[in-house]
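Subject: Handing over a structure

Dear colleague,

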Amino acid sequence: MLYDILFTLDAAGRFCRVAWGSQAAEGLYRELFESWTDSGRLVRSAFALPEGADCGRFIWEENAFHFQYLPAPEGNRYLMLKREDNRPYLLARALDQVTDGVQIYDKNACVVYFNRASRGISRIPSEVSVEGRHLLDLYNLDESISTTMTALQTQAPVIDRVDSFRANDFSTAPIASANTSYPIFREGELLGAVVFEQTAEIVDKNLSKMEATRRALSSFQNKPPKVSFSGYTFGNVIGSCPKLREAVALAQKVAPQDSPILLVGETGTGKEIFAQSIHRASRRRGGKFLAINCAAVPETLIESLLFGTRKGSFTGSEDKAGYFEEASGGTLFLDELNSMSLAMQSKILRVLQEKTFRRVGGSQDLKLDVRVISSCNEDPFKAISENTFRRDLFYRLSTVMIELPPLRDHLEDLEELIRYRLESTAYQFVRGVTRIEPEVYTLLRAYHWPGNVRELFHVLDYAQNVTDSELIAVRHLPPYLLKRQVDPPAPILAIDFSRETLQGLMDDYEKQIIVQALDYCGCNISQTAQTLGILRQSLQYRIRKYGLIF
């Protein structure tokens with residue numbers, strides 16, 4: 001196989017040298033891989049390669065690679081890596097979404113690609129390969145009236161030629177279509193041609209869709225311009241369950257004061273909506289509202305983001321205000337504060353106690369004039385007991401603590417939330433769907449909603465994007481949600497302790513959880529790590545540990 005990266009390994013499996021087969025790979029990995037060869041790092045500590053395999057596929061840093069071992073002089077081995085190129089697959093799947101038939105031929109009129117619509121027009125089953133076959137072998141037609149052959153021979157476009165043809169081996173009746181073909185050149189050299197096919201059925205479908213789009217655009221243009229979003233207020237808190245209304249009432253009561261507030265709730269329960277609403281109902285509403293997600297910012301950056309920097313304090317630094325300084329006179333929202341390191345928490349505590357701070361590398365004390373609202377996405381007392389949340393900082397920030405209920409605890413608000421989301425986003429879609437089938441309500445009520453209201457809104461957005469009717473049906477819901485509804489609970493099996501150890505059982509269970517979480521999050525590493533409540537690096541370590549390939 002052609003390689004992007006070629007490592008030379010010694011007999012012990014240490015990196016000795018690296019060579020490059022592509023400039024793109026060298027630009028991405030040169031500095032890292034040369035540090036591996038300089039330090040003699042072991043290949044098994046760097047890549048999760050299948051044991052005993054001389055070739056195969058593996059995942060590293062969210063990218064798929066193909067590898068192959070080959071013998072090298074002096075008892076060494078070569079390890080060739082080829083980065084998997086997903087561009088052809090992405091382009092093919094993108095063309096499958098086009099309603100017209102699309103055919104691509106090389107300069108000899110041999111098939112390069114047919115999209116899904118073209119296969120449907122010619123009655124070619126999806127499992128039948130047509131790549132490499134000549135156009136005249138596939139179709140029973142006269143070369144002189146073939147749109148593609150004419151475009152290739154004349155090297156000029158053929159626009160809207162109407163004719164009928166029969167596909168050999170696949171259809172018994174002639175097929176009428178309007179075809180347009182364009183020759184494709186590179187630096188003056190003819191490479192091939194692309195053909196767009198339209199049948200009467202496709203034209204009717206496109207006309208209907210375009211008319212619906214025209215009506216939607218006309219309706220949108222005749223409406224008054226939508227006011228740009230300027231932040232949340234308590235009016236954006238949807239639901240009438242007692243726990244939620246109690247939380248709103250408490251937030252409204254304490255909003256005019258300057259007391260620190262701690263919002264406690266799972267991810268997706270609306271903590272930022274509450275934080276912005278409190279700011280807008282406070283005396284500081286004329287000042288800035290700034291928010292920082294403590295879980296999303298690397299530890300090395302969060303201090304400079306919060307406190308600002310002084311030029312010359314470190315390489316590349318400049319005079320720049322931090323969030324404490326920018327939010328002066330306003331409100332600073334520290335989201336998921338429990339994800340911040342204990343060392344950084346202690347610095348936050350000192351600032352709150354002293355009411356002053358300095359920029360990183362600075363010598364001037366700056367006065368603190370912000371109201372701090374913070375959030376915790378788990379039980380703060382549990383976090384304190386596990387030593388991930390400083391007790392003294394908790395008491396400093398929780399003068400008022402407001403708990404937000406998870407969606408599963410107020411499913412009586414489900415219909416109101418659904419109605420609110422559909423009506424507020426209908427203008428973004430041509431169909432403007434605001435109704436759903438009763439079966440959808442039943443299914444959504446039975447779901448446990450680990451992502452809470454945020455996940456519900458994502459599910460509804462997905463349905464609005466894929467719906468092909470005037471109301472949302474079960475078939476329009478995300479596949480993962482349907483799958484999780486029908487999967488039966490796993491039976492509890494007897495354990496043979498003569499063959500199993502506790503660690504082995506725990507590893508098997510952890511592997512199952514990670515596989516399910518990856519499936520649930522669509523193999524998105526960052527989202528999966530956040531869902532599991534672990535660091536991204538910890539998740540990647542476990543993926544390598546269990547040899548997971550996805």
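Two residues are said to be in contact when they have heavy atoms within 4.5 Å of each other. With that in mind, and remembering that this is a predicted model, one can look at the contacts in the protein chain between residues at least 6 apart in sequence, of which 60% join residues at least 24 apart.

The overall picture is as follows. The protein chain contains 21 helices and 20 strands, and its C-alpha trace spans about 85 × 75 × 65 Å along the principal axes.

Next come the aromatic rings. A pair of aromatic rings is described by the distance of the centres and the angle of the planes. The structure holds 32 aromatic pairs, and one of them is formed by Trp20 and Phe33, which are stacked at 6.1 Å centre to centre with 5° between the planes. This pair links distant parts of the chain, since Trp20 sits in strand β2 (residues 15–20) while Phe33 sits in helix α1 (residues 23–39), 13 residues apart.

Phe389 and Phe394 form an edge-to-face pair, with 6.0 Å from centre to centre and 80° between the planes. Phe389 counts as buried at 2% relative accessibility, and Phe394 counts as buried at 3%. Ring pairs also join a number of residues into a cluster, among them Phe7, Phe15, Trp20, Tyr29, Phe33 and Trp36.

I would also ask you to look at two backbone angles. Ala109 is not a glycine, and yet it has a positive phi of about 70°; it lies in the loop between β6 (101–106) and β7 (111–114), and at 1% relative accessibility Ala109 counts as buried. Lys355, also a residue other than glycine, has a positive phi near 65° and is placed in the loop between α12 (342–354) and β17 (356–357). Lys355 has a relative accessibility of 48%, so it counts as partly exposed, given that exposed means over 50%.

Finally, there is a proline to find. Pro478 is in the loop between α17 (452–466) and α18 (479–486), and with a relative accessible area of 5% Pro478 is buried. Which residues does Pro478 touch, if those up to four places away in sequence are not counted? Pro478 touches Val459 and Tyr462. Pro478 and His458 are 20 residues apart in sequence, and their C-alpha atoms are 9.5 Å apart in space.

A colleague

How values were computed: Residues numbered from 1 in each chain as written. Predicted model: local features only at pLDDT ≥ 70, side-chain atom pairs only at ≥ 80, totals over all residues. Heavy atoms only, no water. Helix = DSSP H or I, 4+ residues; strand = E, 2+ residues; numbered from the N terminus. Phe/Tyr/Trp six-rings, centres within 6.5 Å; stacked < 30°, edge-to-face > 60°. Buried < 20%, exposed > 50% of the residue type's maximum accessible area, 1.4 Å probe, protein only.
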